[in-house]
Each structure stands twice: as C-alpha cells, then as structure tokens.
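The sequence and structure come first.

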2 protein chains.
Amino acid sequence: MARPTLISLAKELGVSRQTVSNVINAPHLVKTSTRERVREHIERSGYRPSAAARALRTNRTKIVGMRMSPVLDGINGSVMDRYLHAATEALEERGYHPVLVTASGEQEELAALTGLYETGLVDAAMLAYTSPLDSRPAELRRIGMPFVAFGRPWGELDAPHPWVDIDNAIGVEEGTRLLRERGHTRIGFIGSSDFSMIDRDRREGWLRGMKGVDENLAELDMCVPEGIEHGFRAMRILRDRGATAAACGTDSLALGALSVLYESPVEGFHPAESIVGFDDSPVAAALGFSSVIQPVEEVAPLLVSQLISELEDDVEPCDRRVVLPSVLRARVGPGLPVRLRS
Amino acid sequence: MARPTLISLAKELGVSRQTVSNVINAPHLVKTSTRERVREHIERSGYRPSAAARALRTNRTKIVGMRMSPVLDGINGSVMDRYLHAATEALEERGYHPVLVTASGEQEELAALTGLYETGLVDAAMLAYTSPLDSRPAELRRIGMPFVAFGRPWGELDAPHPWVDIDNAIGVEEGTRLLRERGHTRIGFIGSSDFSMIDRDRREGWLRGMKGVDENLAELDMCVPEGIEHGFRAMRILRDRGATAAACGTDSLALGALSVLYESPVEGFHPAESIVGFDDSPVAAALGFSSVIQPVEEVAPLLVSQLISELEDDVEPCDRRVVLPSVLRARVGPGLPVRLRS
DNA sequence: GAATTTACCTTGAACCTTCACATTCCGGTA
DNA sequence: TACCGGAATGTGAAGGTTCAAGGTAAATTC
C-alpha cells in the first residue's frame, strides 16, 4: 500500500487535509476532540509528512551544511570529531540535520556550501577553522546564506554573524602556572606554526602564565611545524637553553618534548609533570602529562542555538558572540614515559 | 530579484519549461542550437534546480543517512574519520550527499535512519560496525529501505544486501611473519575484547602467521579490553611467559605492549621492531612500530557504487560482496621508545 | 429577531519540478 | 498532393505540503 498522505488521511477521517495539517503544525487551531481523533489516526497509519513537499512549500529543509575537514593528525584530531558529533547531536535536538561536504580548500568549501544553498538543499552552514584571511563569511553574507562560525572572525572581530570560540590562552596560562607551582622557572613554549591564530592565542596564555618570571622569554619561545618529531627537536633546543619544562601547543608536540625530558631527566622534576599539552588526547592520558581541554561539547549547542535564531523567527535570542574558556586537565604521574633513541 | 525557475527561464527564452528541463536532464532530446542557447541563458541567470521540487517529483533526494559513531579512542579513532571523509567524497563524486545521525545504540540508529527514510529525507543508509547480532539489516530490509554495509553481515553471510569488508587477518598474518623473519618465535597476540568479530579476525591472522611454530599458542594469546594500560598489563604477562614480541589488535594495545619491551629489553631485539599494531596511527609512526592499515579509502567508493546500483536503474552492476585485504605498514627503527614507569 | 462575533473547518492556489503524452515541424516517399 | 516517420518541442497533470482566504454554524450581542 502506498504511503499515506495528508489527503488520504483526510479522506479516511472525513475532514479536510488542512485540518490534518493543522493537527500537526498548529494544533491549537483544532478542536480537542477532532485533534485527538486525527492524532490517533495519524499514529495508526504511520503517516510521516513528506520532507520534500514541506520543503517545497516552506523553502526550508532543516538541513545545514558542514565541511568535513580532512584528518590532520590522529593525535589531536579527535577534537574535530568530538565537535562534529556534538554538533550533530545538538542539531538533532532541534529538529535539524547536518549534511557533510568535503573540500580541498576554502574556495572549494564555499563553492560546495553555496551550491547546496542555491538548490535549496540546506538552509544554512556551520563554519569551522576561521582564520584572519577567511573569505568565507563575507562571501556567504554577500549571497545571503545564513551561517555561524566555530572560531572568532579574526579579520573583523565585529563581523555581524554569530560565532562561538574558545579562549585557548586561559588553559595554557593555567598549565604554565601549574608548572611554576611545581618549581619550574625556565618554562618553554612550543607552538605549532600550522595554526597561526590559534597558536598565537595559546602562546599568549604561556606569556600570561610567565608574568613575573625573570627569564628571557624570547629564547624560550619556539614555533615549529606540527608533529611529534618537531616537538622533540624543539625541546632539545630548549633543554640546551636551560629549560626544564614546556607548555606545548598540541599533544603531538608535547609527546615529542616529553621524550626529551626522559632522555635527559632534570633532577627533582618528573618528566610527565614538566610538560603541558593541548587537546587532552588519549596519549596525554596514557603518558600522564597534563593537557588543555577544549569544551567543544558546549560549543556545539551554542552554535546551533545561534543558527536557529538566525533561521527562525520567534525564538528566544541568544548571545551572538561567545568565548568559552579552555580548561586544564592537570595530571600527576606516573604515566608512560617516552624517550627518543639517540 | 527572485530566484529563476524553469518557468521564468522558459518565458525569457520563448521555449517551454520542459525544453529547459530537458536541456538539464536529457540534453540529447534537444536540438544543439536550442540547447546551447538555453545553456547559456541558464548559466547567465545562475539558475539552480530546486532540490525540493525535484525530490517531490522524483521521490529521490540523493541524500543518504550515516551514523556518526561516538569517538571511541583517539588513537585508533581516526580510521572512522578517514572512512567518513572518504565516503563523503565518494558520494559527492556521484552527486549524492551524506546526512549524519547520532545514536546511542543500534536501535536508536535504526529509529533515526528509518525516520529519515519515512519522511523521504534520505534515499538510503550506509551502515558500519556490523556485528553478529546485528538487527539492522533485517529491519531495514523489512521496511524496504535500501542500504549497504561496511562490514560483513556476520550473522548471515549470504544476506542479500551489498557489503564491503576488510580482511583484518591478512595484515596481522603479514605482521606476524615479519616478526618471525626478525627472529622471534614466541610471539604473543593481544586482542581487544571490545570488538568481538573483528578481534577474532585479527587473532586468526596471528594464528595463521604462527603456523609451523612449535609453541603453546594458547598461553601466548591474550584478550583484554581496549586501552594502553591493558596492552601494558597483557604484555607483562606475555613477557613473563617468555614472549619476545607481540602482534596487537589495536595501536593502543601496541603502545602499551611496546612500553613493556622498553622496560625489559630482550637481547638482540629492538623493542619497536618487536611489536605490530593495528590501524597505523600517528603514534605508531612516531614510535616506529609496524602497524596494519585498513584501506578505508578504497572501501568507501566501492560501497557508494553498490549503493547507487541499488538505487538507480541502468548503472553498471558491481560486486555485491567485497573483501579487501588489510596491509602491513612495516617499519624499521628508530622511533620514540616508551617505557612504563614502575 | 437580526446582526455580529467566534470557533472551527474547508477550499483554492502556490511552491517547482518531472512524467507521460500531445503536438508541430521537417524532409522524404508514394 | 497526400501521407508518413522521426525529431524537436509543448501541454497537462501530479507530487504533498502550507498559506491565505473563505465558508458555516453556533454563540453572543443589541
């Protein structure tokens, strides 16, 4: 048997199709007795409104486009995974769904998202990984496609679109202070040149954490490409400059750095307790070093709220610019030590 | 100005809307000169067919549902990420798009997917993580929802739906042989109890690789929960039983096991060269141990081909049951040694 | 008792495309 | 001239929903 439609239901019930529609979309317009009768019949028939017909009429699909970014690094990579999961969940909670898109760059992403928007397949987009020269917000604004962004608009902080970002600095600052509390004074920073703005933010946290320490910070500040080996090399240099600890921009870098400390331990300090990483990967947990957590599970629902208040009328408004703090996951040893073979 | 439609375009061009439609969907029906004229106008006007209207008429959205599984473990987790990315890409190539769904269990996943199907939002589903007591295939079949599965239907290997799976055994077998070539004879296996069927498959590879070795395999065979610490504990037991090497069911387990070998090195064997992991995570690369790779980038396009031949007529048929080999990524030291602090 | 309001329900149109069929046009053949 | 067949193009309908405007009967007001 064919799937029931508004019309077939209405005929069976002896009411008009609009009444059935009202029972679903505007129940207060229908007398209670009728409403219940219709409801029950809908239930029994297993009727589900046709998404296509609804979309055609309302010009809304309740689908939003998101770019699935390629896997960068399996160590820190799970953050984006967590975010994607949280976003999907938050969207579902509000009756929306994410459609995924791949792209090899910003322009390709833009093309993919606007393409979906122009065919009416999606209502909006959720961006991530904002950067200073990000052309996406302006372009989307130009064509009138609604969107929100995970990450502040570095180029123009007063951009009109809603966004949620994480204050990377605060967690690193916390981490740096922890290292100081543990007795370190020459604490280096190993940042990743691959994430320009985010890295600057994290470095800022280290600088704040080092406030009042009488050291030459410039020579303790490293900027290297992402990767375990680079962390290793950077920490060797820092070690030679007398550093006994380091805050790192990623857990990969931290892993490399940690191995240097196991290679040439510093009297009185446990290696795992002399390193702070970022993104709290399972590796950090296993090796027992502290790491900074990004609360992406909180970011996603906020973004979705913002998005929906862009899309729908009469929803309670929400903050259009939110910065959430990162937090330190402090660990005390023991853990799994690492040392690079010489 | 309003978005152009078939009708508005047709009016401007002085042809019927069907002709414009034909230019898009069945160009061979339209005379070349007309076709070009229409094409050019379409181009200029920026016309994009309405997905909703098309879906309403054809009863197809070219969207497929997929479950976004929660992040299990950041070390091996990137495999599912890679798969998701590859699947998205493969779908896009054929004009399809993935919609994500979250679920806390199989039943919830089923409810989510069939829900989408019943409203006509998706045409089909792509399943992953099949298991012996998997109720999903039967249920989807019952309601007539098309789908394909990443993972063989363990319960009924001759199930009628198409699937692609990876032969986990072969890579582990290869790894085990590598360890033998390097001179090991007492080679343990540390499997993860969290992935029942997959684990059995990987263990099978180890058994095959050990063929002809005169050892008591039962006492070399460990089954523990997933996680670095469990790998560590298992390897300690294996070491005490005289094992000098191990093939592991996951890289997390391998990491833990490796650390035991650094803790108590075996004369003549390099620790990193005595461990084989699974899923070739960045950790394996950094620490320099060999690991088995799942070719998910090949799985995804195959699945998509299968799916499309389920959905569309007149597409060249393709194999409905495919098993791809996993392959060993063999590494020789040096790498980053690990040792668990005692 | 007539006029007005209210509550509830129905009708017609629109959304934009594609399907199935109808029509026109053309050169070629009987 | 009449007819035919095939290619190119046009027409009507359908698909399921929502919006806007209408209708009907009961309840209220004067």
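A polar contact is a pair of N or O atoms within 3.5 Å; within protein, one atom must be able to donate a hydrogen and the other to accept it, and residues adjacent in sequence count only if both atoms are side-chain atoms. The model is predicted: local features need pLDDT of at least 70, side-chain atom pairs count only at pLDDT 80 or more, and totals for chains, interfaces and linings use all residues. Residues are numbered from 1 along each chain as its sequence is written, chains are lettered from A and ligands numbered from 1 in the order in which they are written, and side-chain values use heavy atoms, with hydrogens and water left out.

**DNA strand C**

A phosphate oxygen of DNA strand C lies 2.2 Å from a side-chain N or O atom of Tyr47(B).

| Protein atom | Phosphate oxygen of | Distance |
|---|---|---|
| Tyr47(B), side-chain N or O | DNA strand C | 2.2 Å |
| Arg54(B), side-chain N or O | DNA strand C | 2.8 Å |
| Lys31(A), polar backbone atom | DNA strand C | 2.9 Å |
| Ser21(A), side-chain N or O | DNA strand D | 2.8 Å |
| Arg54(A), polar side-chain atom | DNA strand D | 3.0 Å |
| Ser50(A), backbone N or O | DNA strand D | 3.3 Å |

A residue is near a strand if one of its heavy atoms lies within 4 Å of it. DNA strand C is surrounded by 25 residues, the closest being Arg17(A), Thr34(A), Gln18(B), Tyr47(B) and Arg57(B). Of the atoms of DNA strand C that come within 4 Å of the protein, 55% are accounted for by sugar and phosphate.

Helices (H or I, at least four residues) and strands (E, at least two) are DSSP runs, numbered from the N terminus. For Arg54(B), the phosphate oxygen of DNA strand C is 2.8 Å from the side chain's N or O atom. Two or more residues of the surface near DNA strand C come from each of helix H2 (17–25) and helix H4 (51–58) of chain A, and from each of helix H1 (6–13), helix H2 (17–25) and helix H4 (51–58) of chain B.

For residue classes, Ala, Val, Leu, Ile, Met, Phe, Trp, Tyr, Cys and Pro count as nonpolar, Asp, Glu, Lys and Arg as charged, and the others, Gly among them, as polar. The surface near DNA strand C holds eight nonpolar, 11 polar and six charged residues.

**DNA strand D**

Around DNA strand D there are 27 residues, and the closest are Gln18(A), Tyr47(A), Arg57(A), Arg17(B) and Thr34(B). Sugar or phosphate supplies 56% of the atoms of DNA strand D within 4 Å of the protein, and bases supply the rest. The surface near DNA strand D divides into 10 nonpolar, 11 polar and six charged residues.

**Helix pairs**

Two packed helices are described by the angle between their axes and the distance between the axes. Axes are lines fitted to C-alpha atoms, for helices over the stretch in contact, and angles run from 0 to 180 degrees between N-to-C directions. Contact means heavy atoms within 4.5 Å.

The axes of H4(A) and H4(B) come within 8 Å and cross at roughly 145 degrees. Ala52(A), Ala53(A), Ala55(A) and Leu56(A) of H4(A) meet Ala52(B), Ala53(B), Ala55(B) and Leu56(B) of H4(B). This contact has eight nonpolar residues, no polar and no charged ones.

Within chain A, helix H8 (residues 168–181) and helix H9 (residues 196–209) pack at about 35 degrees, with axes 7 Å apart. The contact of H8(A) with H9(A) has five nonpolar, four polar and seven charged residues.

**Two residues of chain A**

Buried means under 20% relative accessible area, exposed over 50%, and partly exposed in between (1.4 Å probe, protein chains only). His41(A) lies in helix H3 (residues 32–45) of chain A and is buried, at a relative accessible area of 14%. Its side chain makes a polar contact of 2.5 Å with that of Glu12(A). Leaving out residues up to four places away in sequence, His41(A) touches Leu9(A), Glu12(A) and Leu13(A).

Arg67(A) lies in strand S1 (residues 63–67) of chain A and is partly exposed, with a relative accessible area of 23%. The side chains of Arg67(A) and Glu109(A) form a polar contact of 3.2 Å. Leaving out residues up to four places away in sequence, Arg67(A) touches Val101(A), Ala103(A), Ser104(A), Gly105(A), Glu106(A) and Glu109(A).
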